[in-house]
Amino acid sequence: MAKNMSTDNNENPSRRQFLQATGGVAAATVLSGFTFPNVHAGGSDLIQVALVGCGGRGSGAAANALSTKTGPIKLVAMADAFEDRLSASYDNLSKTFSDRMDVPADRKFLGWDAYKHAMDALRPGDIVILTTPPAFRWVHFQYAISKKLNVFMEKPVTVDGPASKKMLKLGEEASAANLKVGVGLMSRHYKPLIELHDRIQHGQLGEILVMRGYRMHGPAGFFNSLPKPDNISHLDYQVRRFHSFLWASGGNFNDFYIHHIDHLCWMKNAWPVQAQALGGRHYKTNAEGIPFVDQNFDTYSVEYTFEDGTKMYFDGRCVEGAEGIYSSYVHGTKGSAIAARANDYNGPAAIYKGQNTNTKPVWQSTDNTNPYQNEWDSLVLAVRNDKPYNEVKRGVEASVTSSMGRMAAHTGQVITFDQMLNCDHEFAPNLDQLKQGDDSPLMPGANGRYPVPQPGMNPKREYWY
Ligand SMILES: NC(=O)c1ccc[n+]([C@@H]2O[C@H](COP(=O)([O-])OP(=O)(O)OC[C@H]3O[C@@H](n4cnc5c(N)ncnc54)[C@H](O)[C@@H]3O)[C@@H](O)[C@H]2O)c1
């Protein structure tokens, strides 16, 4: 039914026509059974947006949402665990977007159940942005589906096996309910990489033999953490410094490295079947000798293997003073390519005749549009025109592939994709029931320290007490 409603990009007439054709939301819901018609109660063309997780990326995603140009859109509710984060985000967004914001004090929500209130403030068919640390993604996504909301969620979407299985199921439920879901693997919306992918599919590199990704720089974000101060709980400390703790983020491995892993796998149209990896904690204290209490390795080196034997190598390092390399490459029987020339995706992407990428390219990309904006333009257009749009499955698969490399390094074992997906180590059980004052899923052990990975000691667990 929805497919017949709109074939053009002029969303306003098509949304009105949809309501006329179906007699409104109630009639359409009955007619379509479980499928939810992607229109707003009252027939308004205004899309309302709620932001859950008002940090750096959440604020950026809200700015992208409010910068879409296909019809009226407004930020109407905000939720965060912490007041300082919400206020800073609100103040920053207000500088540029005050005409597209209507977030009074009673639609600013704080605490672990703030997400529910923010989503309750929306109407079915509106959009919620999920940009907390990834541990909470399935909890928030589940509630969004129950409220019939379209969703933009950031990567990684999962960090362990049990959450990955839940998210795959939720992704299917979202499609069945005709909800649109974008996942923030923005490389997929970067036109130079879309063009490179297209050229590789048309055989310009021949058969892919090997792919390489590198993200190596000094400590970034909350890569490492010193002991928790007395005036904050373990839970609050770890959520605020989520890159340091595996339950919250998958560690810096998942958070930092997923982009290269994802876009390289995309170039091959496949996910690897297994990974083996090396890694270690070289610096266990800061310069003053105070111990780091995070769970990350300083270095990771992963060899991924695809079903046909093709290899993909990924090296990650957070070490001050070592060589900085942050780029990705594809090598084939007929030539080679630079995918990300710098950082997670930045171009120009290029193709070379031989294996030496220091020669003159035979093709180089010219597009310079912003993939963070592109992904939002596509999502909002899909919502307005009621087109199928769901990036969850590939978001989960990219997350599992990242976790497989991380687990291989942390255990010192070869880990297959299926082992990772089916691994029963649930890092943070019952996060949907989290209340103020609860303990963190990662409390100090008998030695007063958080557990860290020890390769070779336990083939089934990345850390244990
Ligand atoms: N696609 C990209 O290039 C990109 C870039 C940066 C971050 N990200 C992703 O975005 C997510 C957020 O990263 P960030 O850098 O914005 O971190 P951040 O710490 O700046 O923001 C996270 C926000 O979520 C809040 N929060 C935490 N738990 C919450 C909960 N249960 N309920 C409500 N609010 C909660 C925090 O207080 C914080 O304000 C991560 O998954 C990260 O990987 C993606």
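The buried residues of helix 6 pack against strand 1 (47-52), helix 5 (114-120), strand 4 (127-130), strand 5 (150-153) and helix 7 (161-176). Here helices (H or I, at least four residues) and strands (E, at least two) are DSSP runs, numbered from the N terminus, and two residues are in contact if their C-beta atoms, placed from the backbone, lie within 7 Å. The model is a predicted one, in which local features need pLDDT of at least 70 and side-chain atom pairs count only at pLDDT 80 or more, while totals for chains, interfaces and linings use all residues. Residues are numbered from 1 along each chain as its sequence is written.

The buried residues are R137, W138, V139, H140, F141, Y143 and A144. Just after helix 6, K148 has a positive phi of about 60°.

A second contact joins helix 3 (residues 56-66) and helix 4 (residues 83-97), whose axes come within 10 Å and cross at roughly 25°. Axes are lines fitted to C-alpha atoms, for helices over the stretch in contact, and angles run from 0 to 180 degrees between N-to-C directions. Helix 3 is therefore roughly parallel to helix 4, a label for angles under 35 degrees, whereas those over 145 count as roughly antiparallel, 65 to 115 as roughly perpendicular and the rest as oblique. In this contact, G58, S59, A62, A63 and L66 of helix 3 meet S89, N92, L93, T96 and F97 of helix 4.

Helix 3 also gives the most to the shell around the ligand, with 3 residues.

Notes: A residue is buried if 20 or more other C-beta atoms lie within 10 Å of its own, exposed if 12 or fewer, and partly exposed in between; C-beta atoms are placed from the backbone.
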